[in-house]
Amino acid sequence: MSMTASSQDQFKYTTIAHSDHRYCCPLSPAKARELIVALDLPQNALVLDAGCGKALLLRELLQSMPVRGVGVDINSQFLAEAASSWAASNPNDLRLTLIENPVERHPFPTDGYDAIICIGSSHVFGGFEPCLTTCMQWFKPSGVLLIGEGYWKQSPSDKYLAVLAATRDELTSHSQNTQRALAHGYKLLTSMVSSDDEWDQYEGLYYQAMMRHVAACPEDPDATAFGERAQRWYDSYLESGRSTLGFGYYLLENQVTSSV
């Protein structure tokens with residue numbers, strides 16, 4: 001595992017908030033298994049998890065198939081947790097490489113990746129469409145992309161946009177996400193969306209973890225601000241987010257070569 005030194009202050013809030021999560025997105029173990037089965041990769045395939053976080057989906061993929069994985073992220077605490085868990089459950093298994101680095105600075109193999117996973121982390125490429133463009137250049141002609149991206153279930157209110165610090169055109173609909181992928185030369189193999197139950201668990205764990213930290217660490221100079229931020233976020237989720245913000249998973253293949 002290769003890491004470079006970096007300050008974790010910028011990741012403090014999100015690391016605490018995701019301390020109880022399996023995946024850093026509204027994904028259940030059952031749906032994760034469906035996505036892994038849908039990938040259906042060949043033996044010894046090389047998979048990149050871009051913005052991998054705790055890299056659990058990648059680790060589960062490696063445990064399910066005889067493939068190799070590279071996880072890249074800039075949060076060293078998430079990567080350390082992933083490395084420790086992998087070493088404990090898969091001693092002497094060297095198929096997983098975890099690298100602390102911005103994705104755009106990560107050198108990719110000259111022959112490309114067989115698959116790229118980017119679940120809820122397209123921001124590391126600059127957004128959904130830049131992710132689609134870059135990954136098309138990074139994987140093999142027969143490669144596939146599993147991308148998770150937000151979408152609007154309904155038009156967001158100005159109040160909700162203010163809480164998200166987002167703009168109305170920052171996301172589109174689930175259907176439009178698919179159309180944008182097709183316009184970039186991909187073929188859609190399958191798509192799924194997060195359920196209300198998956199969202200409730202994700203947001204509930206997020207809120208509970210932060211409030212537990214605030215209660216346990218009153219000496220933390222960030223505790224008050226973090227608690228207020230988490231409360232405001234969770235209240236907004238219950239009021240508007242649950243009915244407004246969706247999350248979709250899109251398994252895509254290069255349409256130009258998919259029939260070859």
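Okay, a definition to start: helices (H or I, at least four residues) and strands (E, at least two) are DSSP runs, numbered from the N terminus. What we have here is a predicted model, where local features need pLDDT of at least 70, side-chain atom pairs count only at pLDDT 80 or more, and totals for chains, interfaces and linings use all residues. Residue numbers start from 1 along each chain as its sequence is written, and side-chain values use heavy atoms, with hydrogens and water left out.

On a 1 Å grid over the protein atoms alone, a cavity is a set of points where a 1.4 Å probe fits but cannot get out, a pocket is an open set with protein on both sides within 12 Å along at least five of seven lines, and lining residues have an atom within 4 Å of a point. Grid points are joined across faces, edges and corners, and a volume is the space filled by probe spheres set on the points.

The second largest pocket comes to about 150 Å³. Ten residues line that pocket, and the closest to its centre are Ala83, Trp86, Ala87, Asp93 and Leu96. Which element supplies the largest share of this lining? That's α4, with three residues.

Now the cavities: searching the whole structure turns up one of 30 Å³ or more. The largest cavity holds about 60 Å³, and its lining includes Tyr160, Trp199, Glu203, Trp233 and Arg242. Two or more lining residues come from each of α6 (158-164), α8 (196-216) and α9 (223-244), and α9 gives the most, five.

Next, α5. Its buried residues, buried being under 20% relative accessible area with a 1.4 Å probe and protein chains only, are Phe128, Cys131, Leu132, Thr134, Cys135 and Trp138. Helix α5 (residues 128-138) packs on helix α7 (residues 174-183) at about 35°, axes 10 Å apart; axes are lines fitted to C-alpha atoms, for helices over the stretch in contact, and angles run from 0 to 180 degrees between N-to-C directions. In contact terms (heavy atoms within 4.5 Å), Phe128, Glu129 and Leu132 of α5 meet Asn177, Arg180 and Ala181 of α7.

Last stop, His21, in the loop between α1 (12-17) and α2 (29-39). Buried or exposed? His21 counts as buried, because its relative accessibility is 6%. Leaving out residues up to four places away in sequence, His21 touches Lys54, Tyr202, Leu205 and Tyr206. Glu253, on the other hand, is 232 residues from His21 in sequence and 29 Å away in space, C-alpha to C-alpha.

Methods:
Buried means under 20% relative accessible area, exposed over 50%, partly exposed in between (1.4 Å probe, protein chains only).
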